[in-house]
Amino acid sequence: MNSEAITRRVGHRLNIKYVLDLRNFPGDPAESVLTHDFNDILNDDSVSIVVETMGGLKPAYNFTKELLLAGKNVCTSNKELVAEHGVELRSIAHDMNCNYLFEASCGGGIPIIRVLNSSLTAEEIEEVTGILNGTTNYILTSMTQEGADFNDALREAQKNGFAELHPEADIEGMDACRKIAILSSLAYGKHVNYNYVPTEGITNVDATDICYAKKLGVVIKLLATSRREKEGTWAMVAPMMIGSENPLSAVDGVMNAVMVKGNAVGTTMFYGSGAGSLPTASAVCGDVIDAAKHLHTTIKSDSGTGVTMRLMKIDNVARPFFVRFSGTEDEAKAAFGDIHDVIRLDGVSGEFGFLTPTMKEGDFKAAAEKSGKVVKWYRRGKKEEQ
């Protein structure tokens, strides 16, 4: 599509030597360069850059490792592989004077990794938070704007091609978890292991929750967040109630957005398509161009290779909470203190909703368990998160 502009920017033409696939494509332009043997690519010294868009860990991990050990640059959209083995693969690339680039692994067409690696390198990053999964955002938007329940919204997303047949990685939050781990590693200069990021999905969000949110003047969004505080750095993925003061509240449908807060620049926001073939291809091609401009030179980035960050426990993070409560207001006050924004919904009997004061999550959970009256709860964005 943009071959002439790419040639101009790189300084010479990029040619596709091979396409590796188990299938055949009769009549397709790829047919003339199609191979079924990975070794054709690995052993061809004329191939300098390889794009991996297979997804998953096998055989993508072994292929990528062999290519890097052969001194070939690899550009990928595979967030699962980057999150699981990115530290090792980047270390190999560094040792072999080549590059392992993964712009398309986070945020689709949003150039957020390039921003963290270049534009914001003068900053001490204090927070990264975003809507990083288009499937869950589409479902929550449908529930909020159209009154759909979760299952109907999921089926609609699948029908429109916005959700996989087996969408567990999306709706349970694991896709967003891997992405925030990758972004946090770049932001803070230490490896964030996604296995230690507390993660909740949206499968328990129901129509009553949405009604409470509307009454409160907020929306429910699946946010992936990491943040530096005096006590330490924490990260998590969870549905949160956020108000209109937070720009992420207006990000709807399959769109993604990432907010990055630096100690000098303040808060910046990056918005765009989080999925789709062309936005992903655009991000991958951006990496291909970078690799072509830096052949035999590793592009410097502060990825924290080899040093794993010790994350602060979520129980020590303080914020307000929204609570659906089946007892009396006096019982709620006895459990949580000075509650406010009490809400009662027409047609919903035996419970009411309210906001707690700012309190540590561990203290909130203990109080909720002790009361025995909490139907459901959500985290509410604090003022500084708005």
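**A walk through the strands and helices**

Let's start inside a sheet: T129 has M259, in β9, as its bridge partner. This is a predicted model, in which local features need pLDDT of at least 70 and side-chain atom pairs count only at pLDDT 80 or more, while totals for chains, interfaces and linings use all residues. Residues are numbered from 1 along each chain as its sequence is written, and side-chain values use heavy atoms, with hydrogens and water left out.

The names come from DSSP runs, numbered from the N terminus: helices are H or I runs of at least four residues, and strands are E runs of at least two. Two strands pair if DSSP finds at least two bridges between them. Strands of a sheet pair through backbone hydrogen bonds, either parallel or antiparallel.

Now back to our strands. Strand β6 (residues 125-131) pairs with β9 (residues 255-262) in the antiparallel sense, over six bridges. β6 also runs antiparallel to β7 (residues 218-229), with four bridges joining the two; here V128 is partnered by S226 of β7. Is β6 enclosed or open? Six of its seven residues are buried, so β6 is largely enclosed by the rest of the structure. (Buried means under 20% relative accessible area, exposed over 50%, and partly exposed in between, using a 1.4 Å probe and protein chains only.)

Next comes an open sheet of three parallel strands, in the order β3-β4-β5. β3 (49-52) and β5 (100-101) are at the edges with a single partner strand each, so one side of each has no neighbour in the sheet. Four bridges link β3 in parallel to β4 (residues 73-76), and I49 stands opposite N73 of β4.

Let's turn to a pair of helices. The axes of α3 (residues 60-69) and α4 (residues 79-95) come within 10 Å and cross at roughly 15°. (Axes are lines fitted to C-alpha atoms, for helices over the stretch in contact, with angles from 0 to 180 degrees between N-to-C directions.) That makes α3 roughly parallel to α4, a label for angles under 35 degrees.

Finally, look at helix α1 (residues 3-10), whose buried residues are A5, I6, T7 and V10. Their cover includes α11 (277-293). After α1 comes G11, with a positive phi near 105°.

Note on methods: Contact means heavy atoms within 4.5 Å. Angles under 35 degrees count as roughly parallel, over 145 as roughly antiparallel, 65 to 115 as roughly perpendicular and the rest as oblique.
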